[in-house]
Amino acid sequence: MFEGSRYRSLAVGLWAATSGVGIALGPIIGGVLLEHYAWNSIFWVCSVIGVVALACIAVAVPEVRAYRSERFDFPGTVLSVAGVGLLVWAIIERPTYGWLSWQVIGGICAALIILAVFAAVEGHTHAPLIDVGLFRRATFTSSTCAICVAFFCLFGFIFITTQWFQALRGYTALQTAVATLPFAVVMAAVAPLATQLAKRFGYRSVVSTGLLFLSASMFVVTRVDAHCSYWFVVVPTMALMAAGIALIQGPATDALMSTVPESSTGAASAVNDTIREIGGTLGVAVMGSAISSVYPDELSDSLSGLQIPSSIAKAAEDSVMAAKSILPHLPAGIRQTVEQSVSTSFMSATHAACWIACALALAFALLCWITLPKHDSGNLPQ
């Protein structure tokens, strides 16, 4: 809609800012519903929101797609779902079977083969689900990687923070949502400015800086304990992460959309949205897998000298939320010791997961600095 308009970068920035609004409203509405209604009320509310959104789209959004009558890419859909789903399953099940098990190795190899077949099929399809030819453009590929890493870190961090705040800090679902508000506020404030900064300083500088902010925030989390100061540690860390994601999402999206001809904007937009979801899914899978690998071993070592029935110890090792539910039923003499062991073990696992995200963001900051252009969207090569 804004192709060739001087407001294009601002429009992309405002679009990115809505992520901050969504991040704020989603958990808060969910927290309110969980406080007062059954958990499945969340899905009824989301259904109503979806219906309203569909009505607004039908009324307000013009038709701008380049191709009006293309066949649905059924083979591409099946292959993409199978490949990504199998890859995520293999990563999630790593703590259960181990990296060298045939289930995990076989799952990863099969997933990569399926995704390779998907790429080959898409390259020879008249109306592909994803135009894999777009990835031949260095700017497009670097931008999608930056967005993928941003949502890898975001979703993984939210997955961990929810357990951290509720199990170790004693927050309710609503309190947890309110505690994450600074993240949403900073993201919503920085996102509209990010694309303007990219026009002034270049995509390379802004996106790489965002990834460095993201890496730094993950590094900070590797140094904290369960009960660190909310205002002086947690809030600044969330603000740094939110600023990093805001500096990545809008400019990287603007850059990748600027590298494709108008006829391919729909495909580029689809890749952009897909890569965000894949990044978020892998973030939960990989960082969750790290938690599931480290936490049980750490807790088992801590509890080895205590006189705790093996069934209870095993249940506590399953997850930090399970351990929280068990603590009130333990004898008073050992409850505090077990609680401290659970807290220390979970934070050790959190540190391990955040080291992965820290290194990943740092590596891709270097990649984006090398491959992204300095030009604004009006000067990018086609």
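Modeller: Gladly, starting with helices H3 (residues 74-92) and H5 (residues 102-123), whose axes come within 8 Å and cross at roughly 155°. This is a predicted model, where local features need pLDDT of at least 70 and side-chain atom pairs count only at pLDDT 80 or more, while totals for chains, interfaces and linings use all residues. Residues are numbered from 1 along each chain as its sequence is written, and side-chain values use heavy atoms, leaving out hydrogens and water.

Biologist: Why is H3 called roughly antiparallel to H5?

Modeller: The axes cross at roughly 155°. Angles under 35 degrees count as roughly parallel, over 145 as roughly antiparallel, 65 to 115 as roughly perpendicular and the rest as oblique. H3 is therefore roughly antiparallel to H5.

Biologist: Which residues of H3 meet H5?

Modeller: Contact means heavy atoms within 4.5 Å. Among those in H3 are Leu79, Leu86 and Trp89, and the H5 side includes Ile108, Leu115 and Phe118. By class, this contact of H3 with H5 has 16 nonpolar, five polar and one charged residues.

Biologist: What makes H6 and H10 roughly antiparallel?

Modeller: The axes of H6 (residues 138-168) and H10 (residues 230-258) come within 9 Å and cross at roughly 155°. That crossing angle makes H6 roughly antiparallel to H10. By class, their contact has 17 nonpolar, five polar and no charged residues.

Biologist: How many aromatic pairs are there?

Modeller: The count comes to nine. Rings of Phe, Tyr and Trp (its six-membered ring) pair if their centres lie within 6.5 Å; planes under 30 degrees apart count as stacked, over 60 as edge-to-face and the rest as tilted. Phe135 and Phe140 are 5.3 Å apart centre to centre with 85° between the planes, an edge-to-face pair.

Biologist: What makes Tyr295 and Phe346 an edge-to-face pair?

Modeller: Tyr295 and Phe346 are 6.4 Å apart centre to centre, with 75° between the planes. Tyr295 lies in H11 (residues 265-303) and Phe346 in H14 (residues 332-371), so the pair ties together parts 51 residues apart in sequence. Tyr295, at 2% relative accessibility, counts as buried, and Phe346 is buried at 1%.

Definitions and conventions:
Axes fitted to C-alpha atoms, helices over the stretch in contact; angles between N-to-C directions. Helix = DSSP H or I, 4+ residues; strand = E, 2+ residues; numbered from the N terminus. Nonpolar A, V, L, I, M, F, W, Y, C, P; charged D, E, K, R; others polar. Buried < 20%, exposed > 50% of the residue type's maximum accessible area, 1.4 Å probe, protein only.
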